[in-house]
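Let us walk through this model one contact at a time. Keep the sequence and the 3D view side by side.

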Amino acid sequence: MRKRIRIILFLIMALSVILAFTACSESLSTPLQIMMDDEYNLSWRSVPNARNYTIQVKNLSTGNTDETTTSRTSASLANYEEGDYEVRVKANSITSGLTDSKWSAPVTFTTEFESGAIYQLINSGTEYRVLRSGSATGEVIIEDYRRGKPVTEIGAGAFRGNTRVTSVIVGANVKKIGASAFSNCNNMTSITLPDGLEEIGEGAFKGCQK
């Protein structure tokens with residue numbers, strides 16, 4: 001009888017250890033609904049008990065990866081250079097009883113060449129206008145398309161007073177150049193205009209002495 005009791009107690013203890021180990025090894029849910037919008041804003045569904053999230057971005061050409069951590073369920077990936085990338089997300093646990101989640105299924109995205117100018121969506125979000133020159137410098141190429149949508153307009157005063165720009169090639173889809181768009185760009189020596197251009201605003205090139 002005592003031997004049976006000892007065996008039963010041993011089995012109970014062994015089962016307790018197994019259950020404890022199983023509980024300790026339980027992981028967080030994997031982040032789902034990984035989405036990327038046209039502005040390279042990444043988002044995903046919140047995971048219960050997650051302290052924060054790790055985002056891993058892999059350059060598909062070089063194989064290089066980098067990781068960032070955020071407490072939010074979204075992040076901007078707009079600063080990545082031109083190229084093809086793969087991104088995935090995992091949730092990091094807030095409690096000692098749970099381990100970090102597995103990585104999410106990868107999402108691929110491509111960043112295209114951008115002039116450095118600041119853009120604005122127009123016409124119900126179907127086209128882009130160049131709003132300001134931003135970091136554009138030297139020879140500036142206004143893209144035919146930006147993030148899959150045509151660039152159709154250079155806004156009023158967009159490059160006004162910019163002395164860093166030396167030449168501009170205006171994209172094939174631009175129909176309108178606003179008033180004073182390039183006024184007083186004193187170091188701009190040339191500009192190439194598309195055949196489809198329909199309107200040039202007043203004083204668009206005023207003061208462009210070169």
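Arginine 146 is buried, at 9% relative accessibility. Here buried means under 20% relative accessible area, exposed means over 50%, and partly exposed lies in between, with a 1.4 Å probe and protein chains only. The model is predicted, so to speak of local features requires pLDDT of at least 70, and side-chain atom pairs count only at pLDDT 80 or more, while totals for chains, interfaces and linings use all residues. Residues are numbered from 1 along each chain as its sequence is written, and side-chain values use heavy atoms, with hydrogens and water left out.

Which residue does arginine 146 meet in a salt bridge? The partner is glutamate 39, at 3.9 Å from N to O. A salt bridge is a side-chain nitrogen of Lys or Arg within 4 Å of a carboxyl oxygen of Asp or Glu. The pair links distant parts of the chain, 107 residues apart. Glutamate 39 sits in the loop between strand S1 (35-36) and strand S2 (41-43). Arginine 146 belongs to strand S11 (residues 145-146). Strands are DSSP runs of E with at least two residues, helices are runs of H or I with at least four, and both are numbered from the N terminus. Glutamate 39 is partly exposed, with a relative accessible area of 26%.

Arginine 146 has another contact. This residue lies over the face of tyrosine 128, at 4.9 Å from the ring centre. A charge sits over a ring if NZ of Lys or CZ of Arg is within 6 Å of the ring centre and within 35 degrees of the ring normal.

Now take arginine 147. Its salt bridge is with glutamate 114, and the closest N and O atoms are 2.9 Å apart. This pair also links distant parts of the chain, 33 residues apart. Arginine 147 lies in the loop between S11 and strand S12 (149-154). Glutamate 114 lies in the loop between strand S7 (107-111) and strand S8 (118-122). Arginine 147 is buried at 12%, whereas glutamate 114 is partly exposed at 29%. Glu39, Glu114, Arg146 and Arg147 are linked in a network of salt bridges.

The structure holds 6 salt bridges. One of them joins arginine 129 and glutamate 153, with the closest N and O atoms 2.9 Å apart. Arginine 129 is in strand S9 (residues 127-132) and glutamate 153 is in strand S12, 24 residues apart. Arginine 129 is partly exposed at 22%, and glutamate 153 is buried at 13%.

Next come the rings. The structure holds 7 aromatic pairs. Rings of Phe, Tyr and Trp (its six-membered ring) pair if their centres lie within 6.5 Å; planes under 30 degrees apart count as stacked, over 60 as edge-to-face and the rest as tilted. Tryptophan 44 and tyrosine 53 have ring centres 5.5 Å apart and planes at 65°, so they are edge-to-face. Both residues are buried. Tyrosine 119 and tyrosine 128 are also edge-to-face, because their planes stand at 85°, with centres 6.0 Å apart. Tyrosine 119 and tyrosine 128 are both buried. Elsewhere, Tyr40, Tyr80, Tyr85 and Phe109 form one aromatic cluster.

Finally, look at a sheet. Its 3 strands run in the order S1-S2-S5, in an open sheet with antiparallel pairing. Two strands pair if DSSP finds at least two bridges between them. S1 and strand S5 (74-76) are the edge strands, and each pairs on one side only. S2 and S5 are joined by 3 bridges. Leucine 42 stands opposite alanine 75 in S5.
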